[in-house]
Amino acid sequence: MSNRVVITGMGIYSCLGRTLDEVRDSLYTGRSGIVLDPVRKELGFRSGLTAMVELPDLKKELSRNQRVYMPEQAKYAYCATRDALAAAKVDSEWLDSHEVGLLYGNDSSAEPVYNAGRTIMEKNGTAMCGSGAIFQSMNSTVTMNLGCIFHLRGMNLTVSAACASGSHAIGLATLLIRDGLQDMVVCGGAQEINPISVGSFDGISAFSTREDEPQKASRPFDRDRDGLVPGGGAATLILESYESAVRRGAPIIAEVLGYGFSSNGDHISSPNVQGPSRSLEMAIRNAGIDIAEIGYINAHATSTHVGDTNEAKAIFNVFGDRRIEVTSTKSQTGHEMWMAGASEVIYSILMMKNDFIAGNINFENPDEDSARLLIPSFTIEKRFDTFLSNSFGFGGTNSTLIIRNL
């Protein structure tokens, strides 16, 4: 059995907007969501740069008993999932009568752990941690909360794969549906934005310090890049078998053609070229298409020297002299980490549906490797029907997705 896998709904909670229309407009106009956070400077951060989103107020939507178990990123994920299900025309009655799966990328829940530990030390005991602390602090907090709130009764699993988490969640959901184990899977990625969650990254000088011009700080592929900018939020996609979508009369947005993955088997933080290359090659084989059909590449490129260099080499290894547009939407959003693999699929779909490619803003001076790629720095009008999206993470985990317009 090999079912076609389609996307029938999308929802996002991003520094570029809370709705798909807002995000589309931000992509088209090249608006950056990056700011300078004074709280981080007060805490002694080397870099106060971040992409920021507002914490949603869910008092009118969820009961106190539901909210008490939800850390920051679960609230973002709830908003994205609520909107994605609505877009897919899936209501509570349908969810209650079908076994819908859930695969969501999340690789930290740092602030609740910190808060619980601080309470224990201050109170010299554990009783004041509160009933929600354990559920907020677990990596699986997003899937636990979403599964209970939306009454999802199929596969329930958190994908914890560093900055490839959201992409792997989509890829694994695709495999479940292809094999007939699920008709529908809610999948995506979420990332907390609070300073506690990224303090250790700042401690190893991973972040850009271009604080005088926050919106120019994230510079993927640019020769003068000096580090990434953290961001976050949540992105949800509804994946479904083609047969199920047609049976429901659901809106069909796009089709997942290919999923590729690999592990570098090398250094824990420095990527190589061979691992990403194999991920791209596997996705293309899995999709069963010629590379000439791919009209756009959404690169992982985070604005770090080694990462961007090796990804540029990997892309050139696979595509050679074929000049296909490559951009990193992280130039606008910063690095959304566990969320990025899912949000960047949504960003790319919005471009594909609206016949444009968002420019790789702040790309002013190529280096030796990025000069071999076709990297537009401004939005261009282009119609394309198939794109490839890369996501790579610490520990050498790589994921590549190929999506086609329908």
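A pocket here is an open set of grid points with protein on both sides within 12 Å along at least five of seven lines, and a lining residue has an atom within 4 Å of one of those points. Keep that handy for the exercises below. One more thing before you start: the model you're looking at is predicted.

**Exercise 1. Now describe the largest pocket: how much space lies in it, and which element gives the most to its lining?**

Solution. 
- Step 1: The volume comes to about 590 Å³.
- Step 2: Its lining counts 35 residues, and closest to the centre you'll find S269, P271, T302, T304 and F394.
- Step 3: Helix α13 (305–319) and strand β13 both supply at least two lining residues. The most comes from α13, with six.
- Step 4: By class, the lining splits into 17 polar, 15 nonpolar and three charged residues.

**Exercise 2. Which residues line the largest cavity?**

Solution. 
- Step 1: Recall what a cavity is: a probe of 1.4 Å fits there but cannot get out.
- Step 2: Count them. There's one cavity of 30 Å³ or more in the structure, and the largest cavity holds about 40 Å³ of space.
- Step 3: Read off the lining: I315, F316, F319, G320, R322, R323, I324, R372, L373 and L374.
- Step 4: Sort them. Six are nonpolar, three are charged and one is polar.

**Exercise 3. Work out how helix α1 and helix α15 are oriented to each other, and which residues meet.**

Solution. 
- Step 1: Know what to look at. Two packed helices are described by the angle between their axes and the distance between the axes.
- Step 2: Get both values. The axes of α1 (residues 20–29) and α15 (residues 340–353) come within 10 Å, and they cross at roughly 75°.
- Step 3: Compare with the cut-off. Angles of 65 to 115 degrees count as roughly perpendicular, so α1 and α15 are roughly perpendicular to each other.
- Step 4: List the contact. From α1 come L20, V23, R24 and L27, and they meet I346, Y347 and L350 of α15.
- Step 5: Classify it. Six of these residues are nonpolar, one is charged and none is polar.

**Exercise 4. Repeat this for helix α9 and α15.**

Solution. 
- Step 1: The axes of α9 (residues 165–178) and α15 come within 4 Å and cross at roughly 70°.
- Step 2: That angle makes α9 roughly perpendicular to α15.
- Step 3: In the contact, G166, S167 and I170 of α9 face up with G341, A342 and V345 of α15.
- Step 4: By class, you have three nonpolar, three polar and no charged residues.

**Exercise 5. Trace the open sheet: what is its strand order, and which strands are at the edges?**

Solution. 
- Step 1: Write down the order of the 10 strands, which is β5-β4-β6-β7-β1-β8-β14-β13-β9-β10, with mixed pairing.
- Step 2: Check the ends. The edge strands, β5 (156–159) and β10 (326–327), each pair on one side only.
- Step 3: Zoom in on one pair. Strands β9 (residues 296–298) and β13 (residues 386–393) run parallel and are joined by three bridges. N298 has S389 in β13 as its bridge partner.
- Step 4: Helix α8 (residues 141–149) lies across β4 (101–105), β5 and β6 (184–191), at about 150° to β4.

Terms used:
Residues numbered from 1 in each chain as written. Predicted model: local features only at pLDDT ≥ 70, side-chain atom pairs only at ≥ 80, totals over all residues. Heavy atoms only, no water. Axes fitted to C-alpha atoms, helices over the stretch in contact; angles between N-to-C directions. Parallel < 35°, antiparallel > 145°, perpendicular 65-115°, else oblique. Contact = heavy atoms within 4.5 Å. Nonpolar A, V, L, I, M, F, W, Y, C, P; charged D, E, K, R; others polar. Pairing = 2+ DSSP bridges. Points joined across faces, edges and corners; volume = space filled by probe spheres on them.
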